[in-house]
Amino acid sequence: LVIVGREISSRNYCLEMLKEIHRLIPEDVYLSTFIFENKTDVVLKGSAVNMPLVFTFARSLNESDLLSSAEIKYVTQRKIRESELTNFEIICKIKSGV
């Protein structure tokens, strides 16, 4: 029962992280990857319509009650037809005691 309880708790925790990220994500920023690592880190990969939105998103993650130390690992732009798309990876620390 203890193992089952831990597994359920871990799933709920992961859902809370997703809920928080959904609350913080700006319009026109799209996530393609969400990795929840050992209750210590969250890795987010995705794209945005412009680069400033990525920095705005990272700043919002730093101000979160659940996350901190949002570090942008990379930001690259690529051209798709007539417009540009910005790809990114952000790694955040999960605040301890949450």
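Which residue is the bridge partner of R78 in β4? The bridge partner of R78 in that strand is L85. The model is predicted, with local features requiring pLDDT of at least 70 and side-chain atom pairs counting only at pLDDT 80 or more, while totals for chains, interfaces and linings use all residues. Residues are numbered from 1 along each chain as its sequence is written, and side-chain values use heavy atoms, with hydrogens and water left out.

**Overall architecture**

- The chain contains two helices and four strands, where helices (H or I, at least four residues) and strands (E, at least two) are DSSP runs numbered from the N terminus.
- Read from the N terminus, the order of elements is α-β-β-α-β-β.
- Of the 98 residues in the chain, 35% are buried; buried means under 20% relative accessible area, exposed over 50%, and partly exposed in between, with a 1.4 Å probe and protein chains only.
- The accessible surface of the chain is about 6400 Å², and carbon and sulfur atoms hold 52% of that area; such areas come from the Shrake-Rupley method with a 1.4 Å probe, and for residues only the protein chains shown count as cover.
- Among contacts in the chain with a separation of 6 or more, 55% are between residues 24 or more positions apart; contact means heavy atoms within 4.5 Å.

**The sheet and its pairings**

- An open sheet is formed by four strands in the order β1-β2-β4-β3, with antiparallel pairing; two strands pair if DSSP finds at least two bridges between them.
- The edge strands, β1 (29-37) and β3, each pair on one side only.
- On average, neighbouring strands of this sheet are turned by 15° against each other, direction ignored; axes are lines fitted to C-alpha atoms, for helices over the stretch in contact, and angles run from 0 to 180 degrees between N-to-C directions.
- Helix α2 packs on the sheet and touches β1, β2, β3 and β4; the direction of α2 makes about 165° with that of β3.
- Eight bridges connect β1 and β2 in the antiparallel sense, and T33 stands opposite K45 in β2.
- Strand β2 (residues 41-48) is joined to strand β4 (residues 83-94) by eight bridges, and these strands run antiparallel; L44 stands opposite I90 in β4.
- Strand β3 (residues 67-80) is joined to β4 by 11 bridges, again antiparallel, with Y74 opposite E89 in β4.
- A hairpin is formed by β3 and β4 with two residues between them.

**Nonpolar core**

- The largest nonpolar core has 20 residues; such a core is a set of buried Ala, Val, Leu, Ile, Met, Phe, Trp, Tyr and Cys residues joined through side-chain atoms within 4.5 Å.
- The residues with the most contacts inside this core are M17, I21, V42, F57, L61, L67 and I90.
- Two or more residues come from each of α1 (2-24), β2, α2 (51-62), β3 and β4, and α2 gives the largest share, five residues.
- Leaving aside neighbours within four places in sequence, V42 is in contact with M17, I21, F34, I35, F36, L67, I90, I91, C92 and I94.
- In soluble globular proteins, nonpolar side chains tend to be buried together.

**Aromatic pair**

- The structure holds one aromatic pair; rings of Phe, Tyr and Trp (its six-membered ring) pair if their centres lie within 6.5 Å, with planes under 30 degrees apart counted as stacked, over 60 as edge-to-face and the rest as tilted.
- The pair is edge-to-face because the rings of F57 and F88 have centres 6.3 Å apart and planes at 75°.
- F57 in helix α2 and F88 in strand β4 are 31 residues apart, so the pair links distant parts of the chain.
- F57 counts as buried at 0% relative accessibility, and F88 counts as buried at 0% as well.

**Individual residues**

- N87 lies in strand β4 and counts as buried because its relative accessibility is 17%.
- Not counting residues up to four places away in sequence, N87 touches G46, S47, Y74, V75, T76 and R78.
- Most residues other than glycine have a negative phi.
- D28, in the loop between α1 and β1, has a positive phi near 75° and is partly exposed at a relative accessible area of 30%.
- S69, in strand β3, has a positive phi near 50° and is partly exposed at 46% relative accessible area.
- R81, in the turn of the hairpin between β3 and β4, has a positive phi of about 55°.
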